[in-house]
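Me: I have a protein model open and would like to go through it step by step. Could you start with one residue and then widen the view?

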Amino acid sequence: MNLYLLKQTENPGYDTYRSAVVVANSEEDAKKIHPNGQDAAKNWWSTSTSKWYDGWAHPDNVKVELIGIAADHLQPNQVVCCIFRHG
């Protein structure tokens, strides 16, 4: 498993997640992890606001960078840390 740095610029304001470090098997798996620890590929789209919930971006708009190999005790789809801009 690998460590990936996730970044998004789709939601740049306050009360949004800016980035996260996650554990995943692939870049595609990493994109689907929401910084709050849930699966971002699930129905995060709000038809009423036409935005993604919880201050994150659509998985297609998440930039992913491989930053290392995960330690053996870390689990797949785990969030190691994240940056949240409080408003």
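Reply: Let us begin with arginine 18, which is found in strand 2, where helices (H or I, at least four residues) and strands (E, at least two) are DSSP runs, numbered from the N terminus. This is a predicted model, in which local features need pLDDT of at least 70 and side-chain atom pairs count only at pLDDT 80 or more, while totals for chains, interfaces and linings use all residues. Residues are numbered from 1 along each chain as its sequence is written, and side-chain values use heavy atoms, with hydrogens and water left out.

Me: Is arginine 18 buried, partly exposed or exposed?

Reply: Arginine 18 counts as partly exposed, because its relative accessibility is 31%, and the classes are buried for under 20% relative accessible area, exposed for over 50% and partly exposed in between (1.4 Å probe, protein chains only).

Me: How far apart are the C-alpha atoms of arginine 18 and lysine 7?

Reply: They are separated by 6.2 Å, although the two residues are eleven residues apart along the chain.

Me: What about valine 21, where is that one found?

Reply: Valine 21 is found in strand 2 as well, and with a relative accessible area of 14% it is buried. From C-alpha to C-alpha, valine 21 is 8.8 Å from isoleucine 67, while 46 residues separate them in sequence.

Me: Let's zoom out, how many helices and strands are there in the chain?

Reply: The protein chain has one helix and six strands, and from the N terminus on these elements run β-β-α-β-β-β-β. Of its 87 residues, 37% count as buried.

Me: Changing topic, how many aromatic pairs are there?

Reply: The count comes to one aromatic pair, under a rule by which rings of Phe, Tyr and Trp (its six-membered ring) pair if their centres lie within 6.5 Å, with planes under 30 degrees apart counted as stacked, over 60 as edge-to-face and the rest as tilted. Tyrosine 17 and phenylalanine 84 form this pair, which is edge-to-face, with 4.7 Å from centre to centre and 65° between the planes.

Me: Which parts does the pair tie together?

Reply: Tyrosine 17 lies in strand 2 (residues 16–24) and phenylalanine 84 in strand 6 (residues 78–85), so the pair ties together parts that are 67 residues apart in sequence. Tyrosine 17 is buried, because its relative accessible area is 13%, whereas phenylalanine 84, at 28%, is partly exposed.

Me: And the backbone, what is the phi of aspartate 15?

Reply: Aspartate 15 has a positive phi of about 60° although it is not a glycine, and this residue lies in the loop between strand 1 (2–7) and strand 2. Aspartate 15 is partly exposed, with a relative accessible area of 45%.

Me: What is the phi of asparagine 77 near?

Reply: The phi of asparagine 77 is near 65°, a positive value in a residue other than glycine. Asparagine 77 lies in the loop between strand 5 (63–69) and strand 6, and it counts as partly exposed because its relative accessibility is 46%.

Me: Last one, where is aspartate 29 found?

Reply: Aspartate 29 is found in helix 1 (residues 27–31), and it is partly exposed, with a relative accessible area of 30%.
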